[in-house]
Amino acid sequence: LGFGIEGNWEVIVKYHGNIERIATEQQGVAQILTSQFAILTIPRQNIPNLQNYTEVEYIETPKQMVYSFTQNMVASCVPEVHNNPPYQLKGNGTLLGIIDSGILYSHQDFRNSDGSTRIVSIWDQNIQGNPPPGYKIGTEYTREQIDRALSQPTRAEQLAIVPVEDYAGHGTHVAGIAGGNGRASSGSIVGVAPEAEFIIVKLGQPGREGFVRNVEIMTATKYIIDQAQKLGRPVAINISVGMNEGSHDGKSILELFLAEMSTFWKTSIVVATGNEGITPNHSSGLVPDGGNSLFQFIVGEGKSYYNLYIWKSFIDIFELEITAPTGERTGRITIRQGPRSLVIRNTKIFVVFSPPSPLNGDEEIVIFLEGIDGPVDPGIWTVTLYGMDVVDGTYNVWGPTREQVGAETGMLNPTPFTTLTTPSTSPNVISVGAYDSLTGQIAAFSGRGYGRNNSVIKPDLVAPGVGINSTSNTGRYTFLSGTSMAAPHVTGAAALMMQWGIVQGKNPFLYAESLRAYLLRGA
């Protein structure tokens, strides 16, 4: 969030050729994800040098993401599929990949009847020391280590062997919906795929508990698919995290990466659409040629930062002016001036007009507000956009999610559509919104579509996401609401379908786009 952070930076690159050679030449290292995507860790001052290599097609710094909190099994027809012929499916032989805040691995619902674990492995990206082979951060814990920990009589002794915890409780709740077996409730609270096994990735930046970036999502996805392929078993991956950064058209680097990974192995990737449907964090408008349009946002008390991401056609030429709550103005800011850094009262303002993205050809204008020795000046801020040469004139603007800035900060005239969080606008993933299974109504908070410029039709479908009772990091159960809770219903359902199709041999190609097509037909 700062403007002048030095030292080594991580950047995501889309490339061809020998990226490891380039990393070495720039005093860095490369983490290769696929033949097209890699993560480079290099000195900050060397990042501009990457654009001199023809092998580097696109560069992006990591973006922060957040977890999406806010009679379900019966409404989803799960008991019928569990218990009635000809199906009687419970996920046996399949894997559930949970990319989230961790898991309470000692919870009875994640253990077999003999007390052994149902978890194949856990990769905690926050604990340094023993990363999985081929990866650079965190520590991997095997089934054998988890079972050894579970044999210990106290929680402290368990954590001495496998020190993985889920402080937020989010990942534990999500895992329980997708595949809890109900042992802690004597079978009364059961997940969708109770006989599937888990591969768990606890997200985070090492040393910064609670922060998640798209770069960790990318490595987590590849790790889970690698593990599933080694085991020769189909996998359904759940991603219940998201962000408002990105183009929201399916063409951000994370979304393109997930689209590619969905074609690897026997994989289905399920993503929550976020809880931004009724939050004031998105607005849109039209700037006429020779005219202007404005949007306003309010910054609540005590906010250390506020970021805005404006997406528009690169063909249109805009200028902009920012007016502070005091009425003080920045004056006109143009693309010709390059990155601008200004100060009004106690707020530093940084404005960047990005060149057209090679991923979609559009332009992003980024506005950062950051407090100087304290919070950003609170009150109503105004951004006026001037149409200097306009063909289309449409713009969309997103601020941080509610989880990041709270309910008292956001747009004064929000737009509820295109409130899907990234990466749920990825074209090849199964994007899941939330509905209330008691009332049959779409949940008001559920992120809704389409993608920007009607680029993708999302969400694909909705699932129960209001008042869902599932596993808690206390060892018991708790109720939570959100699209985070809706997505694992579909992830578990994907595991049941892959059991029927792939494990039982009735349709060996029932994964990815084929599986999504059947889900859409059923919905």
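## Terms and model

Two strands pair if DSSP finds at least two bridges between them. Helices (H or I, at least four residues) and strands (E, at least two) are DSSP runs, numbered from the N terminus.

This is a predicted model, in which local features need pLDDT of at least 70 and side-chain atom pairs count only at pLDDT 80 or more, while totals for chains, interfaces and linings use all residues. Residues are numbered from 1 along each chain as its sequence is written, and side-chain values use heavy atoms, with hydrogens and water left out.

## A hairpin

Strands β18 (residues 340–344) and β19 (residues 347–353) pair in the antiparallel sense, over five bridges. Arg340 stands opposite Val351 of β19. Two residues lie between the strands of this hairpin, and Arg345 takes a positive phi near 50° there.

## An open sheet

Four strands form an open sheet in the order β17-β21-β15-β23, with antiparallel pairing. Its edge strands, each pairing on one side only, are β17 (317–323) and β23 (410–411).

Within this sheet, β15 (residues 292–299) and β21 (residues 379–389) are joined by eight bridges in the antiparallel sense. Val299 has Gly379 in β21 as its bridge partner. Strands of a sheet pair through backbone hydrogen bonds, either parallel or antiparallel.

Helix α6 (residues 170–179) is mostly covered, with ten of its ten residues buried. Buried means under 20% relative accessible area, exposed over 50%, and partly exposed in between (1.4 Å probe, protein chains only). Among the buried residues of α6 are His170, His173, Val174 and Ile177.

Those four residues also touch Met485, which is found in helix α10. Contact means heavy atoms within 4.5 Å. Met485 counts as buried because its relative accessible area is 0%. Met485 and Ser185 are 300 residues apart in sequence, and their C-alpha atoms are 19 Å apart in space.

## Two buried loop residues

Thr94 is found in the loop between α3 and β6 (95–100). Thr94 counts as buried because its relative accessibility is 0%. Leaving aside neighbours within four places in sequence, the residues in contact with Thr94 are Ala196, Glu197, Arg233, Pro234, Ala495, Met498, Gln499 and Val503.

Glu245 lies in the loop between β12 (241–242) and α8 (253–261). At 14% relative accessibility, Glu245 is likewise counted as buried. Its side chain makes a polar contact of 3.3 Å with the side chain of Tyr309. A polar contact is a pair of N or O atoms within 3.5 Å; within protein, one must be able to donate a hydrogen and the other to accept it, and residues adjacent in sequence count only if both atoms are side-chain atoms.

## The second largest pocket

The second largest pocket holds about 850 Å³ of space. On a 1 Å grid over the protein atoms alone, a pocket is an open set of points where a 1.4 Å probe fits, with protein on both sides within 12 Å along at least five of seven lines; lining residues have an atom within 4 Å of a point. Grid points are joined across faces, edges and corners, and a volume is the space filled by probe spheres set on the points.

The lining has 24 residues, and Ser76, Ala493, Met497, Leu519 and Gly522 lie nearest the centre of the pocket. The elements that give two or more residues to this lining are α3 (78–83), β26 (461–464), α10 (483–503) and α11 (512–522). The largest share, six residues, comes from α10. By type, the lining has 21 nonpolar residues, three polar and no charged. Ala, Val, Leu, Ile, Met, Phe, Trp, Tyr, Cys and Pro count as nonpolar, Asp, Glu, Lys and Arg as charged, and the others, Gly among them, as polar.
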